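Me: I am new to reading protein structures and would like to learn how to take one apart feature by feature. Could you go through this one with me?

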Amino acid sequence: MSEYILDVTDVDKNFGGLRALSDINLRVKEGTVHAIIGPNGAGKSTLLNVIVGRLAPNRGRVLLGDQVLTGKQPHEINQLGVARVFQTPEIFPELSLLQNVMVPAFAKRDGEFKLGFLKSLFAENEIREHAEHLLEDVGLISQKDNVAGSMSRGDKRRLELAMCLGQHPKLFLLDEPTAGMSRHDTNRTIDLLKRIKERGMTKVIIEHDMHVVFSLADRISVLAQGAIICEGTPEEVRNDPRVKEAYLGGEAV
Amino acid sequence: MTNTKIVSPKQDLLYMAILSVVVLTMPIWLQPFGAAYPDLMQKFMIFGIFAIGYNILFGLTGYLSFGHAAFLGVGSYTAVWSFKLLSMNVIPALIFGTILSGLFALAIGFVSLRRSGIYFSILTLAFAQMSYNLAYSVLTPITNGETGLQLTQGDARVLDRMAGIEADASLPTPNLFGIEGIGYSGFYICAALMLISFFIYLRIFRSPFGLKLRAIKSNQNRMGYTGYNTRPYLMTAFVISGMYAGLAGSLLAVTDPLAGAERMQWTASGEVVLITILGGVGTLIGPLLGAGIIKYFENIFSAFNETVLLNAFSFLPDWLAHPVAAVVGLFVGEGWHLTLGLVFMLIVIFLPGGIMEGISRLARLITNRNKAEPKSGAHENKEKEQASAGEV
């Protein structure tokens, strides 16, 4: 086993004539939080899409530990231990909160397909208790029987976090987990993410909010125009003149 | 509705018991409605099976199939062939009808489920129309073309002959070890199978498998990133609903042992979509209600003809009675589909959740009214709470 849980090597991605990613190399150590920052359109979400198998890269490969992810389907990649929250929360709007969290927990236990349609949900105590515990973690337990679609956007994000956490992923990808949240909700999310960090889950976070980035990240990569222009600890990145020029525009952080 | 709650199996047993009583006493309580005759009640049961099966696909996964009549037809043809070749006993007919429809669904699903949304619907429609046309043309040796497949005196009936049962002068009727498939006994055979089908359907609804199907309907994209391979789930739902349709088709042949290609036509596929939407897509009991209501009104409305209408409007002066009867006549008899279309439009526009949504709206209205009278309402609620606490 290599010491890196995520290993992205020489990845290129083109959309027609547009080069969205060029020569991306990214290594993330197990148990750390790695932030990817960069201006709009830099290719951050594209990079996540390549990792989770939504997009196939034109060149290069992605490894999770020793396993090759490139060329696999999204559900296979998830089964190997990669979970993702999206920029706009992807939940099951018609199901209750509890059911929303139970579905991923079943995927973790049963794999990508299991028939078993004669067992009642009622008898699945373990999964239900697990799901209730997760909802408690994100502070949504009081609404567990409500329909998920009627919640506020911030609550949907927290629900999506709970759904992903229930799978105990080896690698957790978060695409702007606090976008559109109030300062209060943002701080709650940071606290939650810090608690997960203590449990040793590896995370890759895309974030615009520098407050979130500097309070969570162990390492930061700066992406601009499809290329990584700088990588290092928060201190190093903060003081790098290239970053200031490309992204921060000289603004003091 | 009930979809967001996790229901205990005990409650479901109670549910089944109530349903069984309601269904088995139909010959009694349908009498005031003039619907207590066997032919119609058999149809309620058979189309109920067809609709709940369809609801497993459409209601749970959201995949709208426009070709389910093909499975109904395959079930009917298979059952009639089983009567002709093997035995007039309904058991082999039902088993073969269901299994063959399942295999047929496997083949059609394999191709159609490569696409979703409107493309899936079009593919299923295309397959059903192909089956319909094949039954009329190339497959005439199997389907007997336009005449339809019928029993004859000279049929082989291998198993019956081995058991020493010979057909006498008249054509034999399908039976379950002597219980005839027609009349009231036919209704009870259909009712028993409907209840068994409903029980399995209920278990599917309440299982993790059913939850996953609902999750596919809710957000298929998320299912992929959650580690599910959705194709086999959809495939299973499609095949199960195909088997339900096959069972319904075989029962049509049991109650009336002939099979024609028109059973596979797109209007028949459309009918089950109507039934499900009218009753309430994705609800448990909705499709059954839809089947009952549509078959009932089809029966009532198509019975009207001009003479009946003129009689009904005889209180009007002659010069008015004729035009009124002519206009109303458009909506009844052969034209009853026009009425159905109008009702369907009204439902889709004003009550998209079907009859079940109407019922739950009414229930909410009543509970709200109770709340408006605080004293009695609060008291009742307290009593209810105590009662439920006692149960636990």
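Reply: Let us begin with a definition: a nonpolar core is a set of buried Ala, Val, Leu, Ile, Met, Phe, Trp, Tyr and Cys residues joined through C-beta atoms within 7 Å. Please keep in mind throughout that this is a predicted model.

Me: Which residues touch the most other members of the largest nonpolar core?

Reply: The general idea is that in soluble globular proteins, nonpolar side chains tend to be buried together. In this structure the largest nonpolar core has 166 residues, and those that touch the most other members are Val101(A), Ala162(A), Ile49(B), Phe50(B) and Ala248(B). If we leave aside residues up to four places away in sequence, Val101(A) touches Ala131(A), Leu134(A), Leu135(A), Ala162(A), Met163(A) and Gly166(A).

Me: Is Arg195(A) buried or exposed?

Reply: To decide, one counts the other C-beta atoms within 10 Å, and a residue with 12 or fewer is called exposed. Arg195(A) has 10 of them, so it is exposed. For chain A as a whole, 43% of the 253 residues count as buried.

Me: What is the order of the strands in the open sheet of four strands?

Reply: In chain A the order is β2-β1-β4-β5, and the pairing is antiparallel. The strands β2 (18-29) and β5 (67-68) of chain A are at the edges with a single partner strand each, so one side of each has no neighbour in the sheet. Helix α1 (residues 44-52) of chain A packs on this sheet, where it touches β1, β2 and β4 of chain A, and its direction makes about 65° with that of β2(A). Within the sheet, β1 (residues 4-15) and β4 (residues 59-64) of chain A are joined by five bridges, and Leu6(A) has Leu64(A) in β4(A) as its bridge partner.

Me: Which strands are joined to β7(A) by bridges?

Reply: Strand β6 (residues 82-85) of chain A runs parallel to β7(A) with four bridges, and Ala83(A) stands opposite Phe172(A). Strand β8 (residues 202-206) of chain A is also parallel to β7(A), with five bridges, and there Leu173(A) has Val204(A) as its bridge partner. Four of the five residues of β7 (residues 171-175) of chain A are buried, so this strand is largely enclosed by the rest of the structure.

Me: How many residues does each chain bring to the contact between them?

Reply: Chain B brings 30 residues and chain A brings 32. On the side of chain B, the largest share, eight residues, comes from α10(B). By class, that side has 12 nonpolar, 12 polar and six charged residues.

Key. Residues numbered from 1 in each chain as written. Chains lettered and ligands numbered in written order. Predicted model: local features only at pLDDT ≥ 70, side-chain atom pairs only at ≥ 80, totals over all residues. Contact = placed C-beta atoms within 7 Å. Helix = DSSP H or I, 4+ residues; strand = E, 2+ residues; numbered from the N terminus. Nonpolar A, V, L, I, M, F, W, Y, C, P; charged D, E, K, R; others polar. Buried ≥ 20, exposed ≤ 12 C-beta atoms within 10 Å, placed from the backbone. Pairing = 2+ DSSP bridges. Axes fitted to C-alpha atoms, helices over the stretch in contact; angles between N-to-C directions.
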